[in-house]
Every structure is written in structure tokens, then in C-alpha cells.
Amino acid sequence: MISSFLEQSSAVYHEWRTIILVFAAVLGSLLAGGLLRFVLERLARRLHPVRHAWGHGLLAGASVPAQMLVWVLGIALAGQILLSESDRAFARDSLLAHGLAPIRDVGVILVVMWLLLRAVNRIQDNLLLRARERGRELDPTAADAIGKLTKASIVITAILMMMQALGFSIAGLLAFGGMGGIAVGFAAQSLVANLLGGLTIFASRPFKVGEYIIIPGTDLMGGVEHIGWRATRLIGFDCKPFYVPNAMFNTQPVINHTRMTSRRIMEDIHIRYADIDAVPAIVADVRDMLRRHPGVKHDFFAFNFSSCGTFSLKLSLYAFTVSTDYNDYMDTQEDVLLKIADIIRRHGARMTGPVSTVEMPQLQAPARAPDGPEAGGTLPPMPPPLPSAG
């Protein structure tokens with residue numbers, strides 16, 4: 001009985017051998033892929049993203065692509081089994097026989113490229129997190145530039161490998177790229193200029209993400225949100241984003257408002273001409289006040305009687321604040337100006353603006369004549385009679 005059962009099982013196996021092997025290959029790849037993903041995720045959770053930035057990033061980024069890689073290899077194995085179990089004519093002439101190996105290679109390259117790109121993103125995030133926790137300032141612009149260059153290298157390498165797997169000659173492609181690059185450069189000058197502008201920003205770093213920039217001669221000013229290969233995204237005071245082509249930064253000057261070391265106070269104060277005698281004392285007291293003010297830089301400041309204006313005497317203030325925060329700057333400027341006004345008032349002087357003074361001689365009222373001839377006065381002469389109309 002056992003022997004008959006074995007013979008029947010053997011007959012069924014030989015009859016359904018191809019389907020059984022293909023099913024086993026697919027099912028095995030599904031189970032193996034799930035198990036590999038589970039193991040990699042458990043290992044990634046055991047590693048701290050700060051202390052083990054590289055290992056955690058690699059394992060966390062590789063979990064899903066590794067599962068997909070096992071599935072691709074399992075499906076390729078199932079296709080190979082199907083070809084080996086078929087007749088030789090079918091295995092030699094079918095589309096599956098000619099395309100299985102290139103498709104498998106392309107699939108493997110795509111999955112490995114996906115794995116490396118995910119790993120680069122996770123490692124970049126871990127390094128930024130480690131820098132913040134250790135109190136160090138890691139330039140996000142530089143990190144983003146290095147990450148983009150690394151990912152671009154991975155993608156270009158993967159494309160070349162896939163084209164070689166599909167039967168294209170890399171040497172011929174490179175030669176064609178050298179000749180066609182000139183034509184592409186002429187046809188896409190603006191695109192190339194923007195790409196070069198992006199590389200210039202990443203290399204020289206005139207600004208970075210989070211800083212506030214101004215482009216003189218234009219209405220473009222705002223905080224940098226993102227630096228791309230083609231354009232840089234800024235956010236204005238009205239919270240509206242706008243995009244500046246990177247080529248503009250190669251030809252236009254850029255003011256980095258965030259990197260200033262101090263803010264400037266520059267004001268003209270006018271007092272009356274009548275207070276000319278109080279000017280030396282006012283200037284001396286204001287300089288002493290600036291020298292002792294905690295919000296003003298003491299390495300350089302100036303307060304002088306600068307000129308005699310058309311309407312008043314002009315005193316010029318030129319100083320720099322310690323803080324670059326706008327609110328602190330406004331508070332310091334307000335306090336300095338109020339103190340200067342108080343000093344001018346204490347010296348008996350007054351601040352003034354453009355006024356005009358007109359001096360007129362004092363008019364004397366004529367003596368009043370007595371009323372009537374009995375008072376000894378004389379009557380005013382009568383006007384001459386008007387000529388008659390006839």
C-alpha cells in the first residue's frame with residue numbers, strides 16, 4: 001500500500017513538477033523576503049540613530065528594498081525553472097528566454113539603487129540629529145548638497161549599469177554624450193545656467209537654508225526655504241513662497257541679511273539756531289551717554305555737529321547696536337533717541353524742524369483827533385466833489 005502511494009505521488013510530482021517548483025520558488029521568496037525585512041527592522045530598532053548613525057541608516061533604509069530584492073530573485077528563479085522544465089525549442093526561442101536575464105539584472109540594479117537612496121536619506125537625517133543633540137551646528141545646506149551629489153552619482157551609475165545590462169555599449173554612449181552635450185548645452189542654456197548656479201551656491205555657500213537674503217535692484221527678498229538644482233525657494237514677509245532661478249545668483253549681488261554682525265543707527269537731529277551756545281555741551285553729554293549705553297557698540301560711534309542747515313543746526317548720530325534682532329534694534333534706537341531728546345531739553349535747547357521766521361517792524365497807531373471843533377481840533381478835509389455827469 002505504501003509503495004503504491006509512493007508511486008502515485010511520484011507520478012503526480014512528475015506530472016506537476018514544473019508548477020510545484022515554480023510555486024515553491026515564489027512562495028519561498030515571499031517568505032524569505034518577509035523574514036529578511038523583519039530581521040533588518042529589528043536590528044535597526046536596536047541601534048540608536050545618534051550613536052550608530054551609519055549602521056542604523058543603512059539597516060533602516062535597506063529593510064524594504066531587501067525584501068523586494070529577494071522577491072525579484074525569487075521570480076527570476078521561478079522563470080528559470082519554467083525555462084529549464086520546458087522543451088529545448090521553447091527555452092531557446094521564447095521571449096522569456098531572451099529577456100529573463102536582462103530583466104532580472106535591471107530589476108536587481110533598480111532595487112539596489114532604491115536601497116542606496118533610502119540609506120543616504122536615513123544617514124543624512126541621523127547625522128543632522130546627532131549634530132543637534134551634541135550642540136554642534138551642521139550646515140543643512142552643505143549636508144543637502146552632499147546628499148544630492150551622492151544620490152546623483154548613484155542614479156547615474158545605476159542608469160549606466162542598466163543600459164549595459166540591456167546590451168548597450170557604455171563607450172558608445174559616452175562618446176555620443178560628449179558630442180550631444182554641446183547641442184544640449186546650446187538648446188538648454190537656461191537650464192545649464194541654473195544647474196551651474198545651484199552648484200555655485202552649494203560650493204561657495206553665500207547663503208543657506210533658514211537665512212534671509214536680499215537681491216539689490218529687485219523686489220526679491222525673503223527667507224531661504226529650499227535650494228534646488230534649478231531654483232531656490234524663498235518665503236517673503238507676506239508668507240508667500242516664490243522661486244528664484246539659480247542663474248540669477250551668478251550675475252546678481254546678494255545681501256545676506258542674517259549674517260550681519262550689527263544693525264546701524266543713523267539719524268539727523270535738528271535744533272534751533274538760537275541754541276548754538278548749547279551745542280558743545282549737548283554733543284559731549286550725548287557721546288558720554290553712547291559710551292555707557294549697553295545696547296550700543298562701543299568700538300565705534302559718532303555724534304557731531306555736522307552742518308548749519310537752512311532752518312536749523314544739524315547734529316548727526318551714527319552708531320551700531322550690539323544685537324542684530326530687529327526688536328532689540330528698535331528698542332535700542334528708541335531709547336537712544338529719547339535720551340538725546342532729554343539731554344537737549346536739559347540744556348535749555350529745543351528740537352525743531354523746517355520753520356520760517358518773518359520779522360516785521362512794530363506798527364505804531366496814529367494819534368486820535370479830538371471829537372468836534374469845540375475840543376480844539378480840526379476836522380479832516382472834505383473830499384473834492386465828484387464831477388457832474390452832464
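Author: Let's start with exposure: buried means under 20% relative accessible area, exposed over 50%, and partly exposed in between (1.4 Å probe, protein chains only). This is a predicted model, where local features need pLDDT of at least 70, side-chain atom pairs count only at pLDDT 80 or more, and totals for chains, interfaces and linings use all residues. Residues are numbered from 1 along each chain as its sequence is written, and side-chain values use heavy atoms, with hydrogens and water left out.

Reader: What makes Arg-291 and Asp-288 a salt bridge?

Author: A salt bridge needs a side-chain nitrogen of Lys or Arg within 4 Å of a carboxyl oxygen of Asp or Glu. Here the closest N and O atoms are 3.8 Å apart, so the pair qualifies. Both sit in helix H10 (residues 279-292), three residues apart, so about one helical turn separates them. Salt bridges with shared partners join Asp-288, Arg-291 and Arg-292 into one network.

Reader: How do you know that Glu-211 is buried?

Author: Glu-211 has 6% relative accessibility, and buried means under 20%, so Glu-211 counts as buried. Its salt-bridge partner is Arg-259, with the closest N and O atoms 3.0 Å apart. Arg-259, at 42%, is partly exposed.

Reader: How many salt bridges does this rule give?

Author: The count comes to 10.

Technical notes:
Helices (H or I, at least four residues) and strands (E, at least two) are DSSP runs, numbered from the N terminus.
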